[in-house]
Every structure is written in C-alpha cells, then in structure tokens.
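Student: I am new to this structure and would like a close look at one part, the surroundings of the ligand. Could you take me through it with care?

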Amino acid sequence: MRVDPNQLYPSPVDQPDDTEAQTRMRSRPVREELTIGEDFVDSTRWLPPRTGIIPRVRFFSTWVNILWAIPIAAVLLLIAIAAAQELRTLPSVQAFIQAYPGDVDAGVDSGFPLWLRLLHFFNLFLIFFIIRSGIQILADHPRIYWNRSCVPGTEWFRFQRRVPRDRVWTSKDDSVSLPGWLGIPGVRHTIGLARKWHFVFDLLWLVNGLIFYVLLFSTGQWKRLVPLSWDVFPQALSAAIQYASLNFPPNHGWTHFNGLQQLAYFVTVFLAPALALVSGLLQSPAISNKLGLAGRLFHRQVGRTLHFFVLCWFLFFIATHVTMVFITGLFGNLNHMFWGVNSTGPAGFLVFCATMLLLVIAWMLASPFTLKHARSIQRSGEEIGGWLKGLGELWNPTNQFSEKDIASFFWPNGVMPKSDAFDALAGGGFSEYVLPVRGLVESPRAFTYAEIKALPKQEQITEHFCIQGWSGIAKWGGIPMRHILEIVKPLPQARFAVFYSFSDGSEGGRYYDVHRLENMRHSLTILAYEMNGRPLSVLHGAPLRLRVENELGFKMVKWIESIEFVEDFRRLGSGCGGYNEDHEFYGYREPI
Ligand SMILES: Nc1nc2c(c(=O)[nH]1)N[C@H]1C(S)=C(S)[C@@H](COP(=O)(O)O)O[C@H]1N2
Ligand SMILES: [Mo]
C-alpha cells in the first residue's frame with residue numbers, strides 16, 4: 001500500500017472500524033488523510049494502460065488515417081522523379097541548370113571546426129529526447145485543435161477514439177499509453193515526468209543553439225546557412241530538379257551548400273527553433289493570460305498546433321537529411337561532420353557509429369530509468385528548470401474573454417468525491433456546507449455557505465489550461481481570495497495556502513494543492529461557486545473550486561473542504577506541494 005497517512009501525523013484515537021464518512025466527519029485534521037506517493041512508477045499500480053489508434057487527420061468531416069501518407073508519398077516521389085528526368089531533356093531546363101548549377105558560394109574555407117561538430121552532435125542527441133518527451137506530452141491529450149475550447153469532434157488531428165457521449169469522459173480517461181521506446185517513459189499519463197525531460201532538454205538545446213549562433217557569427221560559418229541573395233531560390237529549384245532526376249548536383253559541402261540545402265538548414269537552425277520556443281510559451285497560462293489580445297489570437301491551441309508543425313518539420317528534416325547524407329557520399333559526408341577532414345576514408349564513419357551507439361544506449365535507458373527514478377527526475381527537473389518556469393508567477397494575469405467566447409463544452413477532470421458526508425452536503429444543496437480557514441492566521445474561522453455568498457462576488461471569463469493540453473473558456477463567479485485573506489489575516493510567517501478537497505486523488509489519499517500567497521493576492525484568484533452564470537455543478541467542483549489564472553488546471557482544487565495557511569509544505573503528503581506533485585511527479589509551480 002502506498003497509503004500511509006499515520007506515518008507523519010499519528011492519530012491520537014485509532015478507530016479502524018469507522019466508515020470513511022465517519023472519519024471525515026470527526027474533527028480529525030484533514031492533513032492526516034494525505035498519503036505519501038511512491039518514488040517510482042509501478043506500472044502495475046498506475047493508471048491501467050490504454051492504447052490509442054493510428055493517428056488520423058480530419059478533412060472537413062472525413063477522418064483520414066495517416067498511413068495513407070506512405071503510398072501517397074511514394075506515388076508523388078515516383079511522379080517527381082519521372083517529371084524531373086523528362087524536364088532535364090528539355091533544352092530550356094538544361095540552360096537553366098547551366099545558369100544556376102545549384103551552389104550558393106559561401107566563402108567558407110575552414111571546413112567544419114571542432115566546436116561546430118560538437119554542437120551538431122549535442123544538438124542531434126538532445127533533439128531525439130525532446131521529440132520523444134514531446135510525443136509523450138501529446139499522448140496525455142491525444143487531440144489537436146485550432147479552436148480554444150477543445151470541443152470533442154472539432155479537433156483536426158487525433159490518435160484516440162471519438163469521445164464517448166454516454167458517460168462522463170474525463171481528460172485523464174482520454175490519455176493513451178505509448179511504447180516505452182517511443183515516449184519517455186511510455187506509461188500512460190506520465191506527463192509530469194515527460195515535462196521534466198522536455199523542459200530540461202529544451203533548456204540545454206536552447207543554450208546549445210545560442211552558443212552555436214554566437215560561434216557561427218563570430219567565425220563566418222554563418223555564411224553557409226544564411227541566404228544572402230534572392231538567387232538562392234532559382235539555385236534551390238535547380239538543385240531540386242537535379243536531385244529528383246536522380247542525377248545529383250555535385251557535393252561541395254566542405255566549403256558551401258547548394259540552394260536547397262541552404263534553405264533547409266536555415267529553416268532548421270533559425271526559424272524552427274524560434275517557432276518551437278514561441279509556440280511552446282504560448283501554451284502557458286501565465287504567459288497567455290498576460291498577453292491580452294495576442295494571447296487571445298495566438299491562443300493555446302494555436303500554440304499546440306504550431307508546436308506540432310515544428311515537430312513534423314524536424315521529423316521530415318531528420319529523415320531527409322540523414323537519407324541525403326547516406327546517398328550523396330556517406331564516408332565523405334561523415335568525415336566532414338564527425339571527423340573534420342575532407343577525405344573519403346572510414347574515420348568519420350567509425351566516429352559516427354560510436355556516437356550512434358551512445359545515442360541508442362541512452363535511448364534504451366531513458367524510459368526504464370525514468371520509471372525507476374521518477375522522484376529524482378522530478379526533483380532534478382525542478383532544480384534545473386523550475387526557477388525559470390517560476391518567473392511566470394511574477395505577474396498578475398488579467399486577461400479576460402467575452403460572453404461569446406464561452407464554449408458549450410469544458411472537459412471535466414479528476415475523481416469525484418465519494419463520501420457519505422459529501423453526498424449529504426450535496427443532497428442539501430450545500431446549505432450545510434462550511435469552509436474552515438485555519439493554520440497560520442490571526443483569525444481562523446469557518447465560513448458558512450451563506451456567508452460566502454454574502455461576500456462581494458466577482459465574475460470573470462477566463463481560459464483554463466489543463467497540464468494535459470486542453471483549454472476551455474468559462475465564466476466563473478465567486479469570492480476573491482484577497483477578501484478571505486483580509487478577513488483571516490495570515491500571520492507574517494504564513495507563506496503558502498493549502499487547499500484540501502473532499503475528494504481523493506486517483507490513487508487514494510486526499511487531493512490537495514499548495515499555492516504561494518502571492519498567487520492568492522492576484523486579482524483573478526477566486527473561490528468559485530458559479531460557472532457560466534449558474535450554480536457550479538458537482539462535476540466541476542461544487543460547492544467551491546479554486547481559480548488561479550496563472551497556473552495549470554491541476555492546481556485549482558475542486559470540491560474544497562478547507563483551507564490552511566502554512567509556513568512550508570514539506571511535511572504534507574510526500575512534501576512536493578500537492579497531490580499530483582506527490583503522486584504523479586508534477587512540478588509544484590506550474591505557470592508554464
Ligand atoms: N479535488 C480535485 N480537484 C481537481 C482535480 C482533481 O482530480 N481533484 N483535477 C484538477 C485538474 S487536473 C483540472 S484540469 C481541473 C479540471 O476542472 P474541470 O473538471 O472543472 O474541468 O480540476 C483540477 N482540480
Ligand atoms: Mo488538468
């Protein structure tokens with residue numbers, strides 16, 4: 001059992017025969033119902049595996065299996081080869097190729113220096129893990145949309161079945177497993193761990209790229225990659241015709257590239273990473289909800305779609321780049337990039353094989369290592385990238401939408417409360433509900449439901465960002481947390497607010513989450529009891545659920561049972577700052 005509530009907070013009275021409801025009704029601190037998560041992922045006790053389907057793309061109302069891309073690409077390739085060969089018999093095309101042989105002169109005569117070869121290797125090493133962890137993140141919500149509210153059926157890409165209509169289908173239900181060799185770590189709903197890989201490797205990749213830029217521009221190597229004249233387009237066309245005709249243009253890679261290479265490398269080195277970064281950041285609640293109009297136009301699902309296009313570009317680039325390296329003089333090419341000489345000996349090939357062996361070993365170890373050392377991955381991920389993400393909490397996100405943006409659909413998530421006590425409260429329309437606010441405050445108190453509703457109500461139309469990838473717009477009505485703070489007056493040593501839920505998390509033990517007080521003072525941080533102008537439904541968190549617009553959805557506790565102010569949270573649960581943090585290895589500050 002991973003449930004060990006008494007280890008840190010021994011209960012004075014041991015009444016094992018109590019029903020769960022009775023236990024909750026007693027004034028036993030809810031803290032004691034927090035459980036300690038395991039430090040590794042035991043896939044036999046994790047969410048049961050669920051396979052997705054082969055990805056499909058929607059054209060209007062028809063879903064097309066992406067495997068069709070294979071025969072279509074083969075036919076197109078065949079047509080391109082035949083057409084290019086015929087074209088090259090035409091005198092005008094021959095004259096064109098004579099005028100534009102393909103090459104763009106770069107004036108680089110130093111070959112590929114060691115720094116360039118090393119950074120090229122780090123780059124290729126990092127990108128594979130970025131891709132794998134990115135696909136794992138996508139598998140947590142295996143649908144991509146152009147619209148902001150993620151209404152089922154409106155996605156343009158999915159690798160999951162249609163959303164069932166005859167039952168509550170939560171976003172966790174929707175997540176799919178991946179093979180361990182593909183995703184990191186493959187097991188279903190391991191987005192917490194995949195995000196650690198993704199963000200840490202992103203950071204390394206960006207630093208690697210920045211160093212690459214600095215060295216490129218300080219050595220003149222940039223001239224290979226940056227098109228300096230419009231001639232690059234006819235040169236690229238000429239190179240494309242020559243490649244397609246299978247009578248390749250000469251390979252002068254040691255000193256300069258042809259137009260097609262230059263364009264492809266320029267996109268890959270400069271444009272794609274910039275788009276990856278921007279489209280990644282647009283998916284953040286703190287950033288998107290701060291950006292105002294730009295955040296509304298380039299909303300999270302546009303960000304996800306563009307981020308996915310960048311993935312497609314990299315997959316396409318890697319496949320064609322490697323193919324071309326292999327079929328345009330393998331040894332020579334590998335000597336250039338892996339050994340730094342302009343010859344046809346086998347040395348570069350051998351170094352290449354050694355680096356590939358390294359990559360394969362790391363590839364095979366990544367998933368099993370992540371499952372086994374999940375807690376360490378979580379901790380080191382937070383250590384390395386957490387501070388940077390935490391910067392997103394610096395500002396007060398104020399973006400709001402209008403009534404017409406409210407969608408008919410809002411994905412539900414989480415495990416509903418299952419106690420008799422809660423059912424009794426719900427049965428009475430929550431008229432008997434009281435919200436205790438305790439801990440490090442000057443005036444602890446319990447608010448009745450009527451008292452809460454008598455406080456000044458605030459309404460806001462905001463976008464919700466679930467860690468899994470979906471978003472949704474709703475209008476929320478409730479009381480601002482800053483009013484609660486004014487009433488209970490946190491003591492100077494109080495640094496965090498803990499929100500305990502009536503419900504358990506998916507592995508048992510109470511759901512809870514911890515917020516810094518700064519977030520509690522934001523103008524849009526409220527305890528909501530209304531959604532879209534109607535009393536909040538139990539599905540979406542009645543009687544009270546938190547809204548904190550600069551954080552991901554899991555931090556917005558639903559079915560709030562009580563609030564406690566604390567100095568630190570290391571002694572709550574596993575000490576990671578919340579249920580998903582303890583049990584699913586999420587980060588504790590997740591504004592991105
Ligand atoms: N008590 C509790 N609160 C919870 C959760 C949960 O599992 N239990 N899930 C969280 C997650 S992951 C999200 S995205 C939102 C979902 O809110 P919704 O169901 O209203 O969409 O609630 C959050 N609050
Ligand atoms: Mo979520």
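Tutor: What follows looks briefly at the whole protein and then at the ligand.

This is a predicted model, in which local features need pLDDT of at least 70 and side-chain atom pairs count only at pLDDT 80 or more, while totals for chains, interfaces and linings use all residues. Residues are numbered from 1 along each chain as its sequence is written, chains are lettered from A and ligands numbered from 1 in the order in which they are written, and side-chain values use heavy atoms, with hydrogens and water left out.

The C-alpha trace of the protein spans about 90 × 45 × 40 Å along its principal axes, and of the 592 residues 52% are buried (under 20% relative accessible area, with a 1.4 Å probe and protein chains only).

Around ligand 1 there are 20 residues (each with a heavy atom within 4 Å of it), and those that come nearest are Trp 411, His 540, Arg 545, Met 556 and Lys 558. Polar contacts are pairs of N or O atoms within 3.5 Å: a backbone N or O atom of Trp 411 lies 2.6 Å from an oxygen atom of ligand 1, and a polar side-chain atom of Lys 558 lies 2.4 Å from an oxygen atom of the ligand, whereas for Met 556 a backbone N or O atom lies 2.8 Å from a nitrogen atom of ligand 1. Taken alone, ligand 1 exposes 530 Å², of which the protein buries 99% (accessible areas by the Shrake-Rupley method with a 1.4 Å probe).

Key:
Polar contact = N/O pair within 3.5 Å; in protein donor to acceptor, adjacent residues only side chain to side chain. Buried < 20%, exposed > 50% of the residue type's maximum accessible area, 1.4 Å probe, protein only.
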